[in-house]
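These are my notebook entries on one structure. I set down what I looked up, entry by entry.

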Amino acid sequence: MSGLELPILHFEHVTRRYDRFIALEDVSFVVRKGKILGLVGESGSGKTTCIRLALGLERPSAGRIRFMGRPYSYRSKEMKAIRRRIGFIFQDPYDALDPHLTLEEIIGEPLRAHGLWNVTARERIRGLLDRVGLPDASLRSYPTRYSGGGLQRIAIARALALEPELLLCDEPTSNLDVSMQAQIINLLMELQRERGLAMVFVTHDLPLIRRIADDLVVLYAGRVMECGPAREIAARPRHPYTIVLLSAMEAKIPHRSAWDEANPPVSPACPFAPRCWKAQPQCWKERPPRIPVRPDWEVACFFPEE
Amino acid sequence: MAPITIASGWPIEARRSLLAGIALIGAVSLIALLAPWLGDPYYQDFATGLSPAGLPLGPNHTHPLGTDSLGRDVLARVALAGRVSLSIGILAALLSLALGATVGMMAGFYGGFLEALLMRLTDIGLALPTTLAGLAMTALLPAGLLRPVVIITLLFWAYPARLVYNETLRMRRRGFVEAAVAMGEARYRILLRHILPHLKTLLLTYAPMNAAAAVMMEATLSYLGAGVPLPTPSWGNMIGEGQGALAFAPHLFLAPAAFLLLTTLGFLLIAEGFKQAHSRGIRFSWLAL
């Protein structure tokens, strides 16, 4: 996954602990310019924590994050400069937009926050609403008038207001009707192409990943299991967990049901060992290093599939 | 006559409570406002204001609520006391609410050392035995009409602070607040634009209850001689004075007590109206009406 080009976002051995609970441990990946990184894993695997860390809503307990090569600094001025260049879309559109504000205020908020509100701002907001497929929306209407899909469009307009280079999408369609999901995905893909956006896309939808993602990071219990080119991993996964996850996603069953356990036992060595059919004594004792299968493809397993 | 448009979209029970409350507070306030035209509250009329035996007069044509033991007109005194008690109560209620809301929002939103400091102060405020602490503060502060305002504010701010703190903690986790943080919005603007508007319901429902409690507290302090200094009348000190005459001139006690009761009831009815409207899903604007 290492390119010659400077990555937009770079997680370097990032660990995030909450008291004794480890949400992320030693997570590394890069988001390449103009490319889409898919972030998959079951609930509680740390996907959303990655997004929150990238947005500076939380700080790594160890390790570091770089944006365009520069490590994150949490001094407010520098954080603000980074936030100026990152757009985001949250999972729950009903919660992500303040019901007390008008569309103009919501979409204009990033502009105001960065002192970019001027005479053309209203026109710009209009243009954004047109672009996200809400040409008839009144700038003075409130979000309560819109359904989930409409709200997510408004959130997308807000995310694009500052013309970011990176867009973070945390399961942007999981709270929407099936009919609406495809529309929102198509919109996001169009925008990604026309603006050359780099994207992090958190999702459970494997066919979607196969279709849109360039790179893939598979998380399990806060650790990276496998990481590499999305289409090839999807076609021929190497890590046992990826195999299980992908087949569960394919079968459209919640993959957790395979074990009947909401909180599977996690080994401090390989976290997947308790569930793995290939586990050997070594897997319980040592942490598997990330072994390159190819220069751009790493698997954290002692016995990856060939 | 034009129909009353106040709270016209509200459920009937909520609106009824609110309007009854407003009517009561309005009536009491009107009498208080009319005080200068209801007679001289300080004129001691020993010639015609007392019975031949030297006792207070009961209600009669010249003195609708009778006179007190110095021959002063009770209606005039109760009305002036209304000005004093209502202003002190409402002012202290607003100040304590504003102070408490500010403390609660700052503690809940900024977190860290500020949160620890402010919330420990709040805990102390909540632990104070109100009346006792009020009396102690009376001894420390210079006398005057502002003294009960300061004391009641200091006694009452911690309650709304705690409520607002909890609500702010909840709000801080909301998506649109985190979104505002993530887009680089300044913290004070997030507080004013995203959090304060969502505290509206809480503050509007709490305000009239706080006012009722503040008016009662003022009466308590004045009754104990720690509030409004004599000869300025307040409902509390009038009740205190009237208590001794209960056997032969009960109106001296009943008149200020009735006013106090109606005021408290009025504020609580307003609070009840807000509460019912809120539970039926009515959303308030800042003016609420």
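**Entry 1: aromatic rings.** I searched the whole structure, a predicted model, and found 10 aromatic pairs over all chains. I took rings of Phe, Tyr and Trp (its six-membered ring) as a pair if their centres lie within 6.5 Å; planes under 30 degrees apart count as stacked, over 60 as edge-to-face and the rest as tilted. I noted one aromatic cluster, formed by A:Y220, A:Y241 and A:F272.

**Entry 2: conventions.** I number residues from 1 along each chain as its sequence is written, and I letter chains from A and number ligands from 1 in the order in which they are written. For this predicted model, local features need pLDDT of at least 70 and side-chain atom pairs count only at pLDDT 80 or more, while totals for chains, interfaces and linings use all residues; side-chain values use heavy atoms, with hydrogens and water left out.

**Entry 3: charges over rings.** I counted a charge as sitting over a ring if NZ of Lys or CZ of Arg is within 6 Å of the ring centre and within 35 degrees of the ring normal. A:R112 lies over the face of A:W117, at 3.9 Å from the ring centre. A:R238 lies over the face of A:W297, at 4.8 Å from the ring centre.

**Entry 4: chain B as a whole.** I found 11 helices and zero strands in chain B. Helices (H or I, at least four residues) and strands (E, at least two) are DSSP runs, numbered from the N terminus. The C-alpha trace of chain B spans about 80 × 55 × 25 Å along its principal axes. Of the 289 residues in chain B, 51% are buried; buried means under 20% relative accessible area, exposed over 50%, and partly exposed in between (1.4 Å probe, protein chains only).

**Entry 5: helix α8 of chain B.** I asked which residues of helix α8 (residues 187-195) are buried. They are B:I190, B:L191, B:R193, B:H194 and B:I195. The buried residues of α8(B) pack against α4 (103-113) of chain A, and also against α2 (74-110), α6 (158-172) and α7 (175-182) of chain B.

**Entry 6: B:E178.** I located B:E178 in helix α7 of chain B. Is B:E178 buried or exposed? B:E178 counts as buried because its relative accessible area is 14%. Leaving aside neighbours within four places in sequence, I found B:E178 in contact (heavy atoms within 4.5 Å) with A:R52, A:L57, A:F90, B:R172 and B:R173.
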